[in-house]
Every structure is written in C-alpha cells, then in structure tokens.
Amino acid sequence: MARQSYLFTSESVSEGHPDKVCDRISDEIVDLFYREGLAAKFDPWALRAACESMATTNRVVVAGEFRGPKTVTVEMIQAVTRRAIKDIGYEQEGFHWANANIDVLLHQQSADIAQGVDAKQPTNQEEGAGDQGIMFGYACNETPELMPAPIYYAHKILEDLAHARKAKTGDAGKLGPDAKSQVTVRYENGKPVGVTQIVVSHQHIVEDLTSGQVRSIIEPYVMKALPQGWVGKDTVWHINPTGKFFIGGPDGDCGLTGRKIIVDTYGGAAPHGGGAFSGKDPTKVDRSAAYASRYLAKNVVAAGLADRCTIQLSYAIGVARPLSIYVDTHGTGKVDEAALEKALENVMDLTPRGIRQHLDLNKPIYARTSAYGHFGRKPDADGGFSWEKTGLADKIRAAV
C-alpha cells in the first residue's frame with residue numbers, strides 16, 4: 001500500500017544556471033540546423049544533430065556531430081550562441097555575450113551510426129532508433145497540467161522571476177540570471193496540500209544586497225506562484241542561505257549540456273532512463289521517445305483511466321520498433337494495465353519515424369524546452385510542446 005501522507009521535494013534551476021546555459025546553446029544549434037534546412041530545402045528526415053556545449057569563464061565550447069545543410073557555418077553557430085547568452089541576460093565581466101570566446105568543434109555524423117539509423121530504401125519507412133536505451137513518461141492529476149506539484153511549482157517560481165527580471169519590474173531588475181529553487185510539498189491522503197520548506201538561491205547584480213533584501217524582492221513572486229493557502233506560518237524559508245550570490249553563471253561554475261535531467265522531467269517523482277534531451281535531434285529516442293512516453297501517460301490520465309501513470313519504452317540502436325512497452329498506474333487505474341499496453345501500441349506508431357510524424361518534431365522548436373522543464377508546458381501554435389496535447393485521450397479510451 002503506497003504511503004498517503006508524506007513530504008516530497010523537487011528542485012528547479014533557472015535559464016541562467018551554467019548547465020541550462022549549455023542546454024539552451026545546444027538546442028539553439030539544433031533549431032539552427034532545422035531553420036537552415038528548411039531554407040535550403042534539405043530533407044528534414046535526413047537531418048541529424050547531436051550537440052554538446054561547455055561554458056566557463058568567458059568561454060564556450062560547442063562539440064558534436066551533425067548532418068545537415070551546408071549553409072550552416074561556424075560564424076552562424078557562434079552568432080546564435082551569442083544571441084542565446086544575451087537573451088538569458090549575461091553581461092557580467094566574467095561571462096559576457098559579446099566578449100566570450102566561442103570554439104566550434106562540430107563534425108559530420110559517424111557513418112557507422114548513420115547506417116543503423118537511416119531509413120531503408122526503397123520503402124523509406126523503417127528508420128532505426130538512434131541509440132539503445134529506456135525512456136519514461138509520467139503524468140498525474142495533482143495539477144491542471146497533469147504534472148507532479150513539487151516540480152511544477154519549483155519551475156513556476158523561477159520562470160515568473162525570470163520574466164520580472166527581464167522586464168525590470170520593480171526591484172526584480174536587481175536580480176541576475178542564475179538561480180535555483182526547491183519546494184517541499186506536504187501530501188495528505190495522497191494529495192498535495194501545502195508547502196513546508198521553500199528554498200531560493202538567486203544571483204543579484206547589485207553586489208551589496210543582503211539575503212533579507214533578496215527575500216523582499218522574490219517573496220511576492222513565490223507567493224503568487226504557489227496555490228493560495230499553501231504557505232503558512234510554519235513554512236520555512238531559505239533565501240540565499242549562504243549569503244551573497246553576486247558571481248553566478250558559467251563564471252562561477254562550469255556548465256555542461258545534459259546535467260539537469262531530473263529538473264527537465266518530473267523532479268524525481270518518476271523514473272528516468274538516464275538520457276539527456278538537449279542538443280539532440282528527434283531521431284535520438286532519448287528525446288523523442290521520452291516525449292512520446294509523456295504524451296501517452298498524459299493522455300491516459302486525461303482520459304480518466306488513471307490518476308497516475310508511468311510508461312516505459314525501450315529501444316535498440318538501428319531497430320525501429322520498441323522492444324517493450326510497460327504501463328504502471330500505481331493502483332489508480334480503471335482498466336487492466338496489460339490492456340492499456342496493447343491499446344497504446346495500437347493508437348500510436350512508436351517507431352522513431354512514427355513518433356516524429358505524430359508529434360511533428362522536424363521543426364525548430366527545441367530552444368524553448370531548455371529551461372523550466374520539457375513537460376507541463378502549454379502547446380505552442382507553431383508545434384512546440386506538441387507532446388503536451390491531450391487529443392489522443394478519446395482514442396485510448398475507445399481502444400480499451
């Protein structure tokens with residue numbers, strides 16, 4: 001019997017966190033290849049990108065592999081990198097969008113990998129997975145977005161603060177890009193009912209701000225982000241608990257792509273297969289199958305077939321169809337889980353090509369995913385976050 005009353009904590013980091021700066025740069029480069037591919041009439045099904053970034057004091061290194069339009073130049077990659085850093089807000093001495101040295105070390109995709117992934121002619125249909133691995137999706141009815149409450153609100157706090165910082169709303173203009181949050185949620189009878197601990201560490205660009213002054217800036221945004229009544233007199237606040245946080249971002253700590261995979265997903269409330277998302281085109285099932293798993297889990301919950309749903313998919317490199325599909329509704333399901341597994345395989349083609357077609361992933365839609373979570377976001381009109389749609393719920397319900 002699962003516990004019904006407990007505390008659970010999740011953390012988030014802002015777009016200015018060193019690792020998130022690198023996630024953003026890597027995804028901007030994936031988007032660049034898709035945009036340039038569209039202009040150059042390069043086949044989007046043939047495009048490949050796997051981009052890793054590292055950022056430290058006034059230096060960015062971009063490395064990886066690609067197959068795409070020849071119109072993409074080193075200068076273009078450097079330019080989108082600078083624009084990303086500028087948009088995040090870094091204009092400090094140790095990390096400045098205009099002054100950072102940017103090394104580009106991208107090379108052509110390995111022919112050995114390509115032969116296993118490319119669709120087999122002449123049918124052009126059986127496109128193999130870009131790697132082996134396991135991917136998980138999760139959904140629950142704790143929030144309207146069908147996300148776990150702790151990670152959802154940890155993200156929302158930082159996203160709201162970022163909007164205020166960039167708009168220079170009141171004293172929020174004194175804050176810097178680098179920040180972390182952590183929310184401890186109290187559950188009673190299996191439902192989230194309040195917050196016992198709030199942690200926010202936020203960089204500030206006015207050097208002599210005290211922790212108390214930082215709290216006075218951010219507290220209204222925290223209170224607005226959390227449901228009414230969740231913060232009480234017993235809630236403990238930890239705002240910049242180490243004191244001054246003036247030097248931040250890659251100048252304070254080296255950043256790397258792919259180091260915040262739990263922040264990117266469900267905040268520890270669900271399993272993770274281990275693969276990062278950012279910097280990868282959707283032939284990499286680390287990314288696309290994780291999106292498909294979330295899409296299916298969300299639609300199972302949206303269909304009213306479970307209050308909580310975890311889905312696992314597994315793949316082998318060069319093999320198109322998933323090796324296994326696993327569904328766990330954690331004792332909340334209204335239908336047999338084995339029946340759900342069969343139904344999900346019937347309502348959606350879970351080959352890499354099928355996922356890309358169903359979710360329309362061959363687009364420059366990835367930079368926006370690089371901060372504040374890949375899940376629990378509103379679908380965009382241009383196709384971004386398509387895996388957050390719930391239009392499959394009726395088909396799943398009918399199939400079981």
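Strand β12 is mostly covered in this predicted model, with 7 of its 8 residues buried. Buried means under 20% relative accessible area, exposed over 50% and partly exposed in between, with a 1.4 Å probe and protein chains only. The model is predicted, so local features need pLDDT of at least 70 and side-chain atom pairs count only at pLDDT 80 or more, whereas totals for chains, interfaces and linings use all residues. Residues are numbered from 1 along each chain as its sequence is written, and side-chain values use heavy atoms, with hydrogens and water left out.

β12 belongs to an open sheet of 3 strands, ordered β7-β12-β13, with antiparallel pairing. Strands (E, at least two residues) and helices (H or I, at least four) are DSSP runs numbered from the N terminus. Two strands pair if DSSP finds at least two bridges between them. The edges are β7 (133-140) and β13 (324-328), each of which pairs on one side only. Neighbouring strands are turned by 15° against each other on average, direction ignored.

β7 and β12 (residues 308-315) run antiparallel and are joined by 8 bridges. Across this pair, Ile-134 stands opposite Ser-314 in β12. Met-135 stands opposite Leu-313 in β12. Helix α7 (residues 285-302) packs on the sheet and touches β7 and β12. The direction of α7 makes about 30° with that of β7. On the β13 side, β12 pairs in the antiparallel sense over 5 bridges. There, Gln-312 stands opposite Tyr-326 in β13.

A helix pair was also examined. Two packed helices are described by the angle between their axes and the distance between the axes. Helix α4 (residues 149-167) packs against helix α5 (residues 211-225) at an angle of about 135°, with the axes 9 Å apart. That makes α4 oblique to α5. Axes are lines fitted to C-alpha atoms, for helices over the stretch in contact, and angles run from 0 to 180 degrees between N-to-C directions. Angles under 35 degrees count as roughly parallel, over 145 as roughly antiparallel, 65 to 115 as roughly perpendicular and the rest as oblique.

From α4, Tyr-153, Lys-156, Ile-157, Asp-160, Leu-161 and Ala-164 meet Ile-218, Tyr-221, Val-222 and Ala-225 of α5. By class, this contact has 8 nonpolar, no polar and 2 charged residues. Contact means heavy atoms within 4.5 Å. Ala, Val, Leu, Ile, Met, Phe, Trp, Tyr, Cys and Pro count as nonpolar, Asp, Glu, Lys and Arg as charged, and the others, Gly among them, as polar.
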